[in-house]
Amino acid sequence: MTDFSVILAGFSDALTLTNMLYVIAGVIVGQFVGAMPGIGPVMTMAIAVPFTFVLNPLPAIGLLIGINKGGLVGGAIPAILINTPGTPDAAATAIDGHPLSKKGKPLKALKMALYSSVTGDTFSDIVLITVAAPLAVIALKMGPVEVFALMVFAFSLISGLIGASVTRGIIATALGLLAATVGLDPEHSTPRFLFGFYDLYDGFPIAAVAIGTLAFAEIIRRLISMTGEIRPAVNFPKDQPREDKRISFKEYWSCKFVLLRGALIGTGIGAVPGMGSTAAAFMSYASTKQSSAQPEKFGKGDIRGIAATESANSSVAGADMMPLLTLGLPGSASSAMLIGAFLIQGIQPGPLLFESQGQLVYGLFGAMLMANLCNFIIGLFGLRIWAKLITAPESLIFSAAMVFCVAGVYLATGGIFGVYIMLIFALIGLVMTALNYPVVVFIIAFFLAPRFELALGQSAAILRGDPLRLVNHPVALVLFGMSVFAVYWLNIRKKNNKPKQPKESKSEPEFNENLQPEEA
Amino acid sequence: MTLERLQTVILILGMLFLYFVIMPGQIDHIENARIVPATVPTISIWIIIIAAVFQLFSTKVSVKFNPTLCLRAAIFAIFVITSITIMTRFGFEYGAPILALGVMLGIGERRLHWLFLGSTVIPISVWLLVENVLDRVLM
């Protein structure tokens with residue numbers, strides 16, 4: 001177990017002025033981009049990753065975590081005010097948030113969303129802090145065969161849960177693994193798929209691939225489908241009674257069980273790679289409505305509806321870090337970005353992280369808790385500002401994002417070659433999105449591929465090439481069995497669910513950062 | 001044949017081409033090893049082929065082709081590549097404003113103050129930040 005002094009040192013690292021400023025900056029940027037429909041925290045994290053290159057690991061990851069958490073709060077603002085979720089996970093918030101806003105109580109709705117979001121997020125962070133270290137100890141007992149089996153299981157879950165169909169998820173995973181084989185083979189150090197480009201010796205640059213597929217492709221996709229329409233201005237009603245502008249402690253406390261249920265659902269779902277915060281939000285909303293004595297009030301501006309969705313979608317953020325930090329397996333687009341940032345810093349997330357970089361991990365936990373506090377304070381004072389900024393022209397936002405993408409990739413890869421790689425992966429991302437292949441699955445597989453190949457090599461050596469020797473590794477055997485079952489079951493489930501799919505989830509909103517207004 | 005089936009067939013043919021034509025020339029052949037350089041690419045390619053064949057006969061997902069969007073995407077792609085070429089030839093400070101201005105005009109922005117902010121202030125600020133504050137060379 002980690003020494004207590006390391007835990008204290010980590011938390012005190014998080015409280016240094018530099019780290020605090022980066023977390024605050026991240027939260028401000030996150031709330032802003034969350035409030036801007038079409039940008040979203042994942043795209044911003046992708047753009048920010050190369051700029052974190054010059055920072056130390058803690059402020060770098062702290063900045064990205066701030067962006068992610070800020071985005072969760074910011075996403076609810078346009079959902080409530082203009083019925084257009086800033087982030088996909090805020091889609092469920094619009095169900096009760098927008099009607100409450102239309103009743104002339106936009107600030108009440110926004111504040112309930114803020115309080116619920118911070119509550120859910122803090123809950124899952126505390127669960128993460130308490131559970132992560134013991135989980136990492138268990139994970140450390142796993143050998144290469146078990147690690148390989150676990151990766152196969154994670155791939156099968158992610159392939160099955162994200163995207164239009166299981167086969168598409170599997171194809172995206174294999175494409176990610178294939179793309180990562182470019183460069184030197186880790187076992188024999190022989191070049192693969194270089195095509196005469198010696199810049200590819202180290203493989204495709206992580207920053208170029210991440211920005212190309214997740215940010216640049218998304219910007220182009222948005223640009224080509226843009227209608228040039230200007231969003232309506234948002235004005236808060238003046239001379240409102242005080243109770244219509246605030247959430248009293250009594251009102252907040254009346255939602256305690258709703259908040260707790262949402263946080264539990266979000267934490268549970270977040271811990272499973274691939275489930276996503278949108279699913280958590282809708283699930284929490286449905287269960288709250290179902291268990292309510294007055295379900296007819298939902299959808300008409302009930303604060304419990306906002307509390308249920310916001311506490312659930314925000315609590316996914318902390319829980320999402322569990323598989324990332326303890327097993328090195330990212331389960332969502334935002335954690336894929338974080339693993340990219342870790343790798344750029346030369347750090348391999350996984351169970352060993354707690355031993356080798358314990359201080360950094362606890363610094364990270366400190367930064368997460370601090371980000372929640374910042375989210376609360378900045379959100380409280382910034383709600384009116386963000387509400388004004390959501391009317392800023394998309395032309396400005398997207399042109400600036402493009403410039404940042406080019407500059408960021410050039411800096412991270414040290415040359416124009418990386419920029420061209422980014423363009424190629426933007427094209428790949430565009431084609432994949434157009435053909436309904438989940439880009440997030442592709443990127444997660446790409447990031448995990450080096451570990452996958454290493455674990456495969458080690459497993460082959462341990463098993464001496466004989467799969468029958470797997471009987472000596474019961475955990476791995478169970479995980480392989482679960483992988484097969486997961487693919488089979490998720491395939492059947494997807495087929496059965498298809499006709500009943502709600503309108504909101506038609507185009508895999510969990511990972512498509514940019515919901516079109518009509519989907520809200 | 002629907003577009004969905006057509007794209008799946010293209011994917012299968014592409015993977016077969018990669019496996020039989022490209023891979024032998026791009027990956028060294030190593031013997032007497034359990035895991036060779038071609039192992040993971042081979043596994044990946046065959047997973048894609050098997051999944052794609054399954055998809056060909058079972059999928060109900062429909063893919064729509066929108067020629068207008070494809071044309072716009074192609075125009076954007078050509079414009080972006082041209083702007084980046086200008087950046088490499090003449091420098092970021094000249095290419096980035098052209099890129100930003102083209103994007104803004106392309107999506108219908110005509111308000112001068114936003115055009116000035118997006119195409120001049122932001123790219124030049126990025127350039128100044130990187131070259132003078134971070135002390136890094138930007139193209």
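Reader: Before I get going, when does a residue count as buried, exposed or partly exposed?

Author: Count the other C-beta atoms within 10 Å of the residue's own, with C-beta atoms placed from the backbone: 20 or more is buried, 12 or fewer is exposed, and anything in between is partly exposed.

Reader: And what kind of model is this?

Author: This is a predicted model, where local features need pLDDT of at least 70 and side-chain atom pairs count only at pLDDT 80 or more, while totals for chains, interfaces and linings use all residues. Residues are numbered from 1 along each chain as its sequence is written, and chains are lettered from A and ligands numbered from 1 in the order in which they are written.

Reader: OK, chain B. How many helices and strands are there?

Author: Chain B has 5 helices and 0 strands.

Reader: Is chain B compact or spread out?

Author: More spread out than a compact globule, because its radius of gyration is 23 Å, well over the 14 Å that the globule rule gives for 139 residues. That radius is taken over C-alpha atoms, and the rule is 2.2 Å times the number of residues to the power 0.38. Along the principal axes, the C-alpha atoms of chain B fill a box of roughly 60 × 45 × 20 Å. Of the 139 residues, 31% are buried.

Reader: What does the domain assignment of chain B give?

Author: Domain 1 covers 3-58 and domain 2 covers 67-133; such bounds come from an automatic or database domain assignment. The C-alpha centres of the two domains of chain B are 38 Å apart.

Reader: How many residues of each chain go into the contact between A and B?

Author: Chain B gives 50 residues and chain A gives 50 residues. Two residues are in contact if their C-beta atoms, placed from the backbone, lie within 7 Å.

Reader: Which helix of chain B gives the most to that side?

Author: α2(B), with 10 residues. The residues on the side of chain B that touches chain A split into 36 nonpolar, 8 polar and 6 charged. In that count Ala, Val, Leu, Ile, Met, Phe, Trp, Tyr, Cys and Pro are nonpolar, Asp, Glu, Lys and Arg are charged, and the others, Gly among them, are polar.

Reader: Where does UniProt put "transmembrane region" in chain B?

Author: The unreviewed entry puts that annotation on residues 9-27, 39-57, 69-92 and 112-130 of chain B. UniProt positions follow the numbering used here, feature names are shortened, and annotations may be inferred rather than shown by experiment. In the model, residues 69-92 of chain B are 96% helix and 0% strand, with end C-alpha atoms 29 Å apart. Residues 112-130 of chain B come out as 100% helix and 0% strand, and there the end C-alpha atoms are 26 Å apart.

Reader: Zooming in on I12(B): which residues is it in contact with?

Author: I49(B), A52(B) and V53(B), leaving aside neighbours within four places in sequence. I12(B) is in helix α1 of chain B, and it counts as partly exposed because it has 18 C-beta neighbours inside 10 Å.

Reader: Switching to chain A. Is R464(A) buried or exposed?

Author: Exposed, because R464(A) has 8 C-beta neighbours inside 10 Å. R464(A) sits in the loop between α22 (439-462) and α23 (474-497) of chain A. Its phi is positive, about 50°, although R464(A) is not a glycine.

Reader: And where is F195(A) found?

Author: F195(A) is in the loop between β2 (191-192) and α10 (206-224) of chain A. Phi of F195(A) is positive too, near 50°, and F195(A) counts as exposed, with 10 C-beta neighbours inside 10 Å.

Reader: How many residues of α14(A) are buried?

Author: 11 of its 15 residues, so α14(A) is largely enclosed by the rest of the structure. The buried ones pack against α6 (93-102), α13 (256-270) and α15 (303-319) of chain A. Among them are F282(A), M283(A) and Y285(A).

Reader: How far apart are the end C-alpha atoms of α14(A)?

Author: They are 21 Å apart, which agrees with the 21 Å that its 15 residues should span at 1.5 Å a residue. The expected span is 1.5 Å times one less than the number of residues.

Terms used. Helix = DSSP H or I, 4+ residues; strand = E, 2+ residues; numbered from the N terminus.
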